[in-house]
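Please read each point alongside the sequence and the coordinates.

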Amino acid sequence: QAPAPTFIGMLINEHDYADLITRDPSLDVVNALIAGSDSFLNPFSIPIDAVEAIVNDRVQNVAAIEVRGWDFSLDYRRNTRHGVFAIGMAAEKLDAFEQRLTRTSERQDVSNTVFNPPAWKLRTDFSWTLHNFSVSSALNYVDSYVNTLIAPFESVPSFATIDLRCSYEFDASSRILGGLTLALSAINVLDEAPPRVRGALAGYDATNASPFERLVLAQVRKRW
């Protein structure tokens, strides 16, 4: 499933969304639509006979999707007398995310636009383990993309967050504490707010960013 563009965007590109737009609806059609809705609002008191178009902008099952791109990952691990060091990197490059919303609409490449996958995503990881103690960090990066919810279109800034985690696992030889792991994690440790997306109902892009800022978690885990 995929969300349809805003109703303004659908009207601007009406030829692509003809199946979802009813022009010059009759009064019977408008009244039936209002009667079947439990959340109809008309704050500006627009006369019913003044409705010129009905736009179906509900979540739609897309008729077809074609995705092109590539994934890249690299991991390195080294044992030293000072502990085990590991580093990893994973990247996603999206070349196209083409979808046809209806059977009659043309394919549209919505990659690198709001509420769709960005052209670039990157995650790097670093960890250090010495005996039972471990520390790890991660950098998450989402490249800038285009906000198509408003006109003219504008760029949504890139977004990067850092996560940290430290843990200690007690020796299995301990009768009481064996199998016990204590961990403390901080997600988005620098307390970065998601980029503002004008036109989005929540003010941000929930597909590519989390609404949570800094989140600290404590974990106690016991293996039997």
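How many helices and strands does the protein chain have?

1. Overall composition. The model is a predicted one. Its protein chain has 2 helices and 12 strands. Read from the N terminus, the elements follow the order α-β-α-β-β-β-β-β-β-β-β-β-β-β.

2. The protein chain comprises 224 residues, of which 29% count as buried. Contacts between residues at least 6 apart in sequence were also examined, and 59% of these join residues at least 24 apart.

3. A nonpolar surface patch. Which residues form a nonpolar patch on the surface? The patch consists of W70, F72, L74 and W120, and together these residues have about 400 Å² of accessible area. Strand β3, which covers residues 64–80, gives the patch its largest share, namely 3 residues.

4. W70 lies in strand β3.

5. Aromatic pairs. The structure holds 4 aromatic pairs. One of them joins W128 and F133, with a distance of 6.2 Å centre to centre and an angle of 75° between the planes. The pair is edge-to-face, because planes over 60 degrees apart are classed in that way. As to accessibility, W128 is partly exposed at a relative accessible area of 25%, and F133 is likewise partly exposed, at 33%.

6. A further pair. What is the arrangement of the rings of Y168 and F170? Their centres are 5.0 Å apart and their planes stand at 85°, so this pair is edge-to-face. Y168 has a relative accessible area of 36% and is therefore partly exposed. F170 has a relative accessibility of 23% and also counts as partly exposed, because a residue is buried under 20%.

7. Points to check in the display. The reader may wish to locate the patch of W70, F72, L74 and W120 on the surface. The edge-to-face pairs to view are W128 with F133 and Y168 with F170.

Notes:
Residues are numbered from 1 along each chain as its sequence is written. This is a predicted model: local features need pLDDT of at least 70, side-chain atom pairs count only at pLDDT 80 or more; totals for chains, interfaces and linings use all residues. Side-chain values use heavy atoms; hydrogens and water are left out. Patches are made of residues with over 30% relative accessible area and no salt bridge: like charges are joined within 9 Å, nonpolar side chains (Val, Leu, Ile, Met, Phe, Trp, Tyr) within 5 Å. Accessible areas come from the Shrake-Rupley method with a 1.4 Å probe; for residues, only the protein chains shown count as cover. A salt bridge is a side-chain nitrogen of Lys or Arg within 4 Å of a carboxyl oxygen of Asp or Glu. Helices (H or I, at least four residues) and strands (E, at least two) are DSSP runs, numbered from the N terminus. Buried means under 20% relative accessible area, exposed over 50%, partly exposed in between (1.4 Å probe, protein chains only). Contact means heavy atoms within 4.5 Å. Rings of Phe, Tyr and Trp (its six-membered ring) pair if their centres lie within 6.5 Å; planes under 30 degrees apart count as stacked, over 60 as edge-to-face and the rest as tilted.
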